[in-house]
Amino acid sequence: MESVRKTVRQRIRVQSPISRELLAECLGTCLLVTIGCASVAQFVISNGERNAWIGLNLAWGFGIAFGAYVCGNITGGHLNPAISIMMYVLGNLTLVRALLYSLAQTIGAFFGAGIVYYTYYDAISKFDHGTRAVRGPGATAGIFGTYPDAYVSVFGGLLDQIVGTAILGLIVCMVTDRRNHIPGHLGPLLVGFGVATIGMSFGMNCGFAINPARDFGPRLFTLIAGYGWEVFSYNDYTWFWVPILGPIIGALIGAWVYKLFIGLHWPHEEVDIELAALKNNRRQVAEDVVLIKST
């Protein structure tokens with residue numbers, strides 16, 4: 001029996017390091033979106049009776065934490081294309097991995113939205129009487145993607161996403177900087193608390209997407225699920241790209257703010273930790289070259 005189990009494990013086990021990383025990011029982001037969108041579903045469908053605004057923020061925060069714990073030992077638990085691109089710019093991740101991680105995260109977010117949609121399908125249908133709408137009293141598209149309040153301008157929405165994700169990027173840099181001596185097992189929890197804090201502080205305007213995958217994956221799912229093209233054409237196409245571009249800009253700003261104020265000013269004896277990170281990046285480059293050649 002043990003030999004059978006061993007044979008099955010060997011056959012199922014993914015040998016490629018990059019494939020394992022993509023599976024991990026996909027699953028971690030799926031868990032994040034499943035937890036987060038489900039909390040919003042309870043809030044919207046019950047007209048605020050089964051949840052509260054602070055509950056939504058905590059759910060997204062814990063979703064980040066648990067998602068990062070799921071894949072953290074394999075990839076570091078990015079769960080967010082803005083963070084993956086930030087890590088590439090900082091030299092901690094190769095471009096190939098950053099792009100592939102982003103794709104895997106978006107796929108995971110898509111399936112997370114699907115899990116929530118079909119779990120709450122009956123409740124959604126009762127709430128909106130079978131009419132899937134983006135706006136109006138029976139709208140439920142906001143369970144999955146983010147939509148700005150009526151008073152928010154395009155610039156205001158973009159700035160909102162930049163500021164929120166800049167704070168996230170700064171927090172991630174602080175937590176992952178080994179010179180701060182933060183225990184690794186606390187990293188996901190601290191970042192999760194950071195996301196919850198951002199939601200409590202900057203969630204009113206646009207719903208604090210601060211994550212291109214978290215917004216685009218579910219938005220794409222709602223298009224397929226019957227909400228119509230308005231999930232993209234909302235406000236004359238002036239919104240759907242904001243939670244994609246804004247977080248990327250914001251994460252880079254947050255990272256460089258941390259670098260310029262903190263990261264570049266450590267004593268010289270701490271530089272060895274930075275060199276270790278560069279060596280890890282070179283290893284990733286070598287693996288990516290092998291991947292490209294094999295395809």
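R219 and D215 both belong to helix α9 (residues 212-227), where 4 residues, about one turn of the helix, separate them. Helices (H or I, at least four residues) and strands (E, at least two) are DSSP runs, numbered from the N terminus. The structure is a predicted model, in which local features need pLDDT of at least 70 and side-chain atom pairs count only at pLDDT 80 or more, while totals for chains, interfaces and linings use all residues. Residues are numbered from 1 along each chain as its sequence is written, and side-chain values use heavy atoms, with hydrogens and water left out.

The side chains of R219 and D215 form a salt bridge (a side-chain nitrogen of Lys or Arg within 4 Å of a carboxyl oxygen of Asp or Glu), with 2.7 Å between the closest N and O atoms. R219 is buried at a relative accessible area of 0%, and D215 likewise counts as buried at 0%. Here buried means under 20% relative accessible area, exposed over 50%, and partly exposed in between (1.4 Å probe, protein chains only). An α-helix has 3.6 residues a turn, so residues three or four places apart point the same way.

## Overall architecture

The chain contains 12 helices and 0 strands. Of its 295 residues, 47% are buried. The accessible surface amounts to about 14700 Å², and carbon and sulfur atoms contribute 67% of this area. Accessible areas come from the Shrake-Rupley method with a 1.4 Å probe, and for residues only the protein chains shown count as cover.

The whole structure holds 5 salt bridges. One of them joins R97 and E21, whose closest N and O atoms are 2.8 Å apart. Because R97 lies in helix α5 (residues 95-119) and E21 in helix α2 (residues 17-45), this pair ties together parts that are 76 residues apart in sequence. Both R97 and E21 are buried.

Another salt bridge brings together the side chains of D177 and R179, at 3.0 Å from N to O. D177 and R179 are buried as well. Side chains of opposite charge can pair when their charged atoms come close.

## Helix α8 and its packing

Helix α8 (residues 187-202) comprises 16 residues and spans 22 Å from its first C-alpha to its last. This is close to the expected 22 Å, a value defined as 1.5 Å times one less than the number of residues.

The buried residues of α8 are G187, P188, V191, G192, G194, V195, A196, I198 and G199. They pack against α3 (53-75) and α7 (154-176).

S125 is located in helix α6 (residues 121-128). Its side chain makes a polar contact with the side chain of R132 at 3.0 Å. A polar contact is a pair of N or O atoms within 3.5 Å; within protein, one must be able to donate a hydrogen and the other to accept it, and residues adjacent in sequence count only if both atoms are side-chain atoms. Apart from neighbours within four places in sequence, S125 is in contact with G130 and R132.

E230 is found in helix α10 (residues 230-237) and counts as partly exposed at 28% relative accessibility. The side chain of E230 makes a polar contact with that of R135 at 2.7 Å. Not counting residues up to four places away in sequence, E230 touches V134 and R135. E230 and A141 are 89 residues apart in sequence, with 9.8 Å between their C-alpha atoms.

## Annotated transmembrane regions

An unreviewed UniProt entry places the feature "transmembrane region" at residues 21-45, 57-77, 98-120, 150-175, 187-210 and 239-258. UniProt positions are given in the numbering used here, feature names are shortened, and annotations may be inferred rather than shown by experiment.

In the model, residues 21-45 are 100% helix and 0% strand, with end C-alpha atoms 36 Å apart. For residues 57-77, the figures are 90% helix and 0% strand, with 19 Å between the end C-alpha atoms.

## Positive phi angles in loops

N47, in the loop between α2 and α3, has a phi near 55°, a positive value in a residue other than glycine. N47 is exposed, with a relative accessible area of 62%.

F208, in the loop between α8 and α9, also has a positive phi, near 40°. F208 is buried, with a relative accessible area of 6%. Most residues other than glycine have a negative phi.

How values were computed. Contact means heavy atoms within 4.5 Å.
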